[in-house]
Amino acid sequence: MDTTSPLKKASTAHKVVLEPNDTRRLATLCGQFDEHLRQIERRLNIEIRNRGNQFALLGDSTTTRSAGKLLKSLYRDTKGGAELTPDEIHLALQQSQMDSYAAQQQPPETAAGSEYAQDNEHATGKRARRTPSATSHSVTNDNETLMQEAPSNVPGASSDSAHTDSEKHEKVAPMTLIRTKKCTVKPRGQHQQNYVRAIQTNDINFGVGPAGTGKTYLAVACAVEALLNDLVERILLVRPAVEAGEKLGFLPGDLSQKVDPYLRPLYDALYEMLGFETVGKLIERNVIEVAPLAYMRGRTLNNSFIILDESQNTTREQMKMFLTRIGFGSTAVITGDPSQIDLPRGQASGLKHVIDVLDGVNGISFTHFNSKDVVRHPLVQRIVEAYDAAESRNPDSDR
C-alpha cells in the first residue's frame, strides 16, 4: 500500500500554504464536503489536493498559479467569520477569468483606467467636486479591510504571507468601491472598474454589452453613492416603454405604475442598496423619479443623476432628445445591449447610431463589455458566446 502523502505525490504541482492555520476558516473555504474546491476544479479544469492549510494544485501551470491566488483571496474573505457561498465562489472565479482576459488584451504599460486620464476643463472641475467620494481606501477595522482589499488574482494585490516578494512589489491600480446605505459594491474585472471610474469622471457615459455584465446595477450604485454624498439632488430612472415582442395591452394606474414593469431591475437594485422604506419615501418626495423616455422632451435636468436603461430600444431621434436634456451638475449613464433590440424591424437603434456619432467626443465615455464580463450563471456567458458566433455566421440586416 502506497502511504506517500498526497502533497509528496504532487511534487510538481503548484503549492499554496494558507496562513494563519485556522481550522474554522479552512472549513469555510473548502465548503461542506469540499463543495467549493470541487466547484473551482470543474471551472478551471484542475485538481486540488489539500491537507490542513497546505494545498497542491495540479493542471496547467498558468491556471494553477491563478487558482492559488484565488484561494488566498477567498481565504482572506473568511476573516472575521464571513461565510462563503457557491454564488460567491462563482463570482470570484468569474473575476479571476475576467482579470486574466484583460491582462492578455491590455499592453503591460497601460495603467488601469488610463483611457479616462485625458482631462478637459469640465472633467477637471467634476473630479474636484467628487474628491470626497467613497473611493477612498482608508481602513478602520477588519470588516472594512476585507471589503477594500484588492483581489489577489490581480498582479500586485495584497496577499497572505505565502505570496512571494516579487508578487508583493508589483504595482496595481487601486480598486474602486461604491458605498451605499445597505452595502458596499465592488466592481469585478477591469471593464467594470473602468466603467465605474468613467462614471465618476465624465458627465455622459455609455455602458454597452450583453446581459449580465452589471451595466445597470453599477449605474444604480453610482447614482445612490452620488445622492448620499450630496453630489446630486435627485435620481431619474428612464426607460423606453418598448415591449419585448409581446403585446401587453393597456396598463392601468398612474404614470409611475404604468412604467413600473419596465423599470423593475432598477427598483430591485435600489431596494438592495437603500432599503424598501427609504426608496418609497424618496419616490414620494420626487428625489427618485420614474419617467418613460417619451416624457423627457422639453425638460432640462440640472444636478441630477439620470439612468437611461435598455437604450438599444431608443430611436435615433429619442437618443438625441435624451442627450440634449442634460443640464449643469448632472451625470447621465446610458446602458444597452445592441444584440437585444425590440424595435419594429427596419427601425434603426439610437444606441447603435450614437456609438458612431459621439465616438471620440471629449467628456463622453464608452465602456464596451463582452461575454467574458458576464457575472451571472456560467451558462449565461456560454449562451452569449453561442449567439455571437451564430450572428457572425449569419448576420442579420442592420436595424
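Trainee: Which residues touch the most other members in the largest nonpolar core?

Mentor: A nonpolar core is a set of buried Ala, Val, Leu, Ile, Met, Phe, Trp, Tyr and Cys residues joined through side-chain atoms within 4.5 Å. Buried means under 20% relative accessible area, with exposed over 50% and partly exposed in between (1.4 Å probe, protein chains only). In soluble globular proteins, nonpolar side chains tend to be buried together. Here the largest such core has 34 residues, and V220, L237, L270, I288, F305 and I307 touch the most other members. At least two residues each come from several elements, including α10 (215–228), β7 (234–239) and α12 (264–274). Helix α10 gives the largest share, nine residues.

Trainee: What does L270 touch, not counting residues up to four places away in sequence?

Mentor: Contact means heavy atoms within 4.5 Å. By that rule L270 touches V220, V224, L237, G275, V279 and I288. Apart from this core lies another, of 23 residues, with M319, I334, L358 and I364 among them.

Trainee: How should I read the model and its element names?

Mentor: The model is predicted, so local features need pLDDT of at least 70 and side-chain atom pairs pLDDT 80 or more, whereas totals for chains, interfaces and linings use all residues. Residues are numbered from 1 along each chain as its sequence is written, and side-chain values use heavy atoms, leaving out hydrogens and water. Helices (H or I, at least four residues) and strands (E, at least two) are DSSP runs numbered from the N terminus.

Trainee: Why does T28 count as buried?

Mentor: T28, in helix α2 (residues 23–30), counts as buried because its relative accessibility is 8%. Beyond its neighbours within four places in sequence, T28 contacts H36, T78, A82, E83 and L84. H36 is itself one of the buried residues of helix α3 (residues 35–44).
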